[in-house]
Amino acid sequence: MPPVGHQVRHSEHVAVGCIRAYFSPCGLHRYALVIPYRGECDRSLFLGVVLKNPSSADANRADQTIRRVEEYIYQCFPYACTLVVVNLFALRATKTKDLADHITQHGVQSATGAHNDDAVAHWLWKCSDVVLAWGGTREIDATVYHDRIRAVVDLLGEHPGRMWTVGHPLHGLRWKKSDPASPLNRLAGLPT
């Protein structure tokens with residue numbers, strides 16, 4: 001398994017004891033992280049975020065990306081009661097180079113994970129809105145990366161909710177509280 005980074009505390013706005021993390025039996029893949037915010041009567045909808053790949057976050061502790069995403073979604077989407085995080089690739093790795101090396105050595109399906117498409121489809125269809133936040137290719141082969149983005153976009157199909165990006169789409173770790181979330185009119189032609 002590629003190394004995963006250190007963990008930090010989840011946001012103060014999160015109901016930590018109620019977080020659910022869905023891993024493969026071997027722990028190599030994380031398919032979904034379902035993070036409820038503390039009960040507030042004006043928050044009632046699920047909001048999904050699609051990142052590149054998971055790192056060290058689990059039900060008890062966050063990583064830097066998840067912590068940043070928790071804070072941003074809480075502030076910028078005041079109707080979100082639950083944050084659902086899924087990924088293009090389910091392989092747990094902190095560095096993009098480790099993910100790219102795994103793809104080269106073991107193939108894209110190994111990095112994607114056997115149940116990732118099912119998890120993406122299942123969880124995102126529960127969400128009223130979805131924020132696309134996978135960032136750029138970095139060390140991953142551009143063709144492989146764009147093919148994976150297209151596969152996830154196809155899973156979203158005619159999603160009934162709204163789609164958003166922060167940037168084009170900027171990775172969640174890079175979000176700043178001052179960055180606006182922009183609605184997408186359509187998924188076709190989405191910048192990758």
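**A walk through the strands, the pocket and the cysteines**

Let's start with two strands, β2 (residues 30–36) and β4, which pair in the antiparallel sense over four bridges. Strands here are DSSP runs of E with at least two residues, helices are runs of H or I with at least four, and both are numbered from the N terminus. Two strands count as paired if DSSP finds at least two bridges between them. This is a predicted model, where local features need pLDDT of at least 70 and side-chain atom pairs count only at pLDDT 80 or more, while totals for chains, interfaces and linings use all residues. Residues are numbered from 1 along each chain as its sequence is written, and side-chain values use heavy atoms, with hydrogens and water left out.

On to another partner of β4: strand β3 (residues 45–51) runs parallel to β4, and seven bridges join the two. Here Phe 46 has Thr 82 of β4 as its bridge partner.

Now bring in a helix. Together, β3, helix α1 (residues 64–76) and β4 form a right-handed β-α-β unit. Right-handed means that, with the strands pointing away from the viewer, the path from the first strand over the helix to the second runs clockwise.

Helix α1 turns up again at the largest pocket, where it gives the largest share of the lining, three residues. Both α1 and α2 (96–106) supply at least two lining residues each. In all, 25 residues line this pocket, with Thr 65, Thr 94, Thr 96, His 171 and Leu 173 nearest its centre. A pocket is an open set of points on a 1 Å grid over the protein atoms alone, where a 1.4 Å probe fits, with protein on both sides within 12 Å along at least five of seven lines; lining residues have an atom within 4 Å of a point.

Last stop, the cysteines. A search of the whole structure finds zero disulfides, a disulfide being a pair of cysteine sulfur atoms within 2.5 Å. For Cys 18, the nearest cysteine sulfur is that of Cys 81, 12 Å away. Cys 18 is partly exposed, at 49% relative accessibility. Cys 127 also has the sulfur of Cys 81 as its nearest, 9.7 Å away, and Cys 127 is buried, with a relative accessible area of 3%.

Key: Buried means under 20% relative accessible area, exposed over 50%, partly exposed in between (1.4 Å probe, protein chains only).
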